[in-house]
Amino acid sequence: TGYGTSLITATNGSIYMSVAHSTSPYVTTYIKSTTGNTWSKLADPSTLPTGTGYGTSLITATNGSIYM
């Protein structure tokens with residue numbers, strides 16, 4: 001998916017990694033298993049970005065939800 005930049009964040013005991021890409025889907029998000037070193041790709045956003053991703057950000061809301 002082209003070149004990428006990534007961000008890793010920990011929240012509520014989970015570790016997430018998001019990657020911005022130069023081609024579609026332009027952003028990919030993974031969650032790390034709580035046992036071992038396995039990363040699982042999360043579903044693409046229902047509405048994909050429309051252009052090259054140059055970076056990502058993950059935010060934890062007060063209710064524990066994760067937003068990109």
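These are my notebook entries on a predicted model of one protein, taken feature by feature.

**Entry: confidence**

Since the model is predicted, I looked up the confidence before anything else. The mean pLDDT of the protein is 80, and 87% of the residues reach 70 or more. I then asked which strand has the lowest confidence and which the highest. Strand E1, residues 4–11, is lowest with a mean of 68, whereas E4 is highest at 92, and I read the details of E1 with that value in mind.

**Entry: overall make-up**

I counted zero helices and six strands in the protein, so that, by the definition of these elements as DSSP runs, the order from the N terminus is β-β-β-β-β-β. Of the 68 residues, 24% are buried.

I followed the strand pairing from E2 onwards. Strand E2 (residues 14–21) pairs with strand E3 (residues 27–32) in the antiparallel sense, over five bridges, and within this pairing I found Val 19 opposite Thr 28 of E3. The two strands form a hairpin with five residues between them.

On its other pairing, E3 is joined to strand E4 (residues 39–41) by three bridges, and these strands also run antiparallel. Here Ile 31 has Ser 40 of E4 as its bridge partner. E3 and E4 form a hairpin too, with six residues between them, and Gly 36 in that turn has a positive phi of about 85°.

**Entry: the loop between E2 and E3**

Pro 25 lies in the loop between E2 and E3, and the peptide bond that joins Ser 24 to Pro 25 is cis, with omega about 20°. Tyr 26 is found in this loop as well, and I recorded for Tyr 26 a positive phi of about 70°, although this residue is not a glycine.

Tyr 54 belongs to the loop between E4 and strand E5 (59–60). Is Tyr 54 buried or exposed? Its relative accessible area is 67%, which is over 50%, and therefore Tyr 54 counts as exposed.

**Entry: a nonpolar patch**

On the surface I found a nonpolar patch formed by Ile 8, Ile 15 and Trp 39, which together have about 260 Å² of accessible area. Ile 15 is in strand E2, and Ile 15 is partly exposed because its relative accessible area is 32%, between the limits of 20% and 50%.

**Entry: the salt bridge**

How many salt bridges does a search of the whole structure find? The search finds one. In it the side chains of Lys 41 and Asp 44 meet, at 2.8 Å from N to O. Side chains of opposite charge can pair when their charged atoms come close. I looked up the accessibility of both partners: Lys 41 is partly exposed, at a relative accessible area of 44%, and Asp 44, at 36%, also counts as partly exposed.

Terms used: Residues numbered from 1 in each chain as written. Heavy atoms only, no water. Helix = DSSP H or I, 4+ residues; strand = E, 2+ residues; numbered from the N terminus. Buried < 20%, exposed > 50% of the residue type's maximum accessible area, 1.4 Å probe, protein only. Pairing = 2+ DSSP bridges. Patch = residues over 30% accessible without salt bridge, like charges linked within 9 Å, V, L, I, M, F, W, Y side chains within 5 Å. Areas by Shrake-Rupley, 256 points an atom, 1.4 Å probe, with all protein chains shown as cover. Salt bridge = Lys/Arg side-chain N within 4 Å of Asp/Glu carboxyl O. pLDDT = per-residue confidence, 0-100.
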